[in-house]
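Hi,

Here is the structure I promised to pass on to you. Have a look at it first, and then read on for what turned up.

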Amino acid sequence: MRTSIKINLIRLSDTNLITKADYIVTCMTGNPHYPTPLPSLTDVQTALNKFTADVVAASGKDKILIAEKNKSRKDLLSVLRSLGLYVMGTTPDDEAALNSSGFPMSKTPEPGYLTHPEDIKVRNGNISGQLVCRVKPVKYAGLYSHEITSTAPGSTAQWTSTRSSKSSYTHLNLQPGTKYWFRVGAIRADEIAYSQIASVHAQ
């Protein structure tokens, strides 16, 4: 899993953006991991100073001053994004170095482990020859393999499989009075994890 930083700081409030930008400049100044920042820290500081002054000026709610503040905010976000790209390009996958830049770290997603579908249930449908099979949705599953056989499970059982994006499926055109067995496989890429087997007679 690749280590990264957040370079899009658009969600920060004006006050928090000023605080974060100032912290980044402080962390980057003299940082041995990043000897030649691009854009320069002088350019970042200039954009920060302009935005800070415009925030104060716009506090009176003057529309023209607010527009000027919004422009300088956009300019500051732009130079910070460029600086962030420089940081990631200079020390890719070096978590300690990236963290030292002052940019917030991106959260590393937890690895997705596919689990076996649970709580398999089968019931008769609204008309004869229908059976509805359902399991609890499985996290990280992209597809489900809904499988049915009229032969007792074992080495000779022939399972008929239907794939669906849903964890429930209605099997049609079944023979009333016949016993059927069901299982559901949760699928992700080339992985599949099966539920327990359930059985019921079709009506």
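Let me begin with Lys50: at 36% relative accessibility this residue counts as partly exposed, because that class lies between buried (under 20% relative accessible area) and exposed (over 50%), using a 1.4 Å probe and protein chains only. The side chains of Lys50 and Asp54 meet in a salt bridge, 2.5 Å from N to O; the term stands for a side-chain nitrogen of Lys or Arg within 4 Å of a carboxyl oxygen of Asp or Glu. Both residues belong to helix H2 (residues 41-57) and, being 4 residues apart, are separated by about one helical turn. Helices (H or I, at least four residues) and strands (E, at least two) are DSSP runs, numbered from the N terminus.

A word on the source: this is a predicted model, in which local features need pLDDT of at least 70 and side-chain atom pairs count only at pLDDT 80 or more, while totals for chains, interfaces and linings use all residues. Residues are numbered from 1 along each chain as its sequence is written, and side-chain values use heavy atoms, with hydrogens and water left out.

The structure holds 8 salt bridges. Another one of them joins Asp14 and Lys69, at 2.9 Å from N to O. Asp14 sits in helix H1 (residues 14-28) and Lys69 in helix H3 (residues 63-90), so this pair ties together parts 55 residues apart in sequence. Asp14 and Lys69 are both buried, and together with Arg73 they are linked in a network of salt bridges.

Now to strand S6 (residues 179-188), where 7 of the 10 residues are buried, so the strand is largely enclosed by the rest of the structure. Which strands pair with S6? Strand S3 (residues 143-149) does so in the antiparallel sense over 7 bridges, where pairing requires that DSSP finds at least two bridges between two strands. Ile148 has Phe182 as its bridge partner in S6. Strand S8 (residues 198-201) is antiparallel to S6 too, over 4 bridges, with Lys179 opposite His201. Strand S7 (residues 191-194) runs antiparallel to S6 and is joined to it by 4 bridges; here Arg188 stands opposite Glu191. S6 and S7 form a hairpin with 2 residues between them, and Ala189 in the turn has a positive phi of about 55°.

Finally, Arg183 forms a salt bridge with Glu147, with the closest N and O atoms 2.7 Å apart. This pair links S6 and S3 across 36 residues of the chain, and Glu147 is buried, at 5% relative accessible area.

Best wishes
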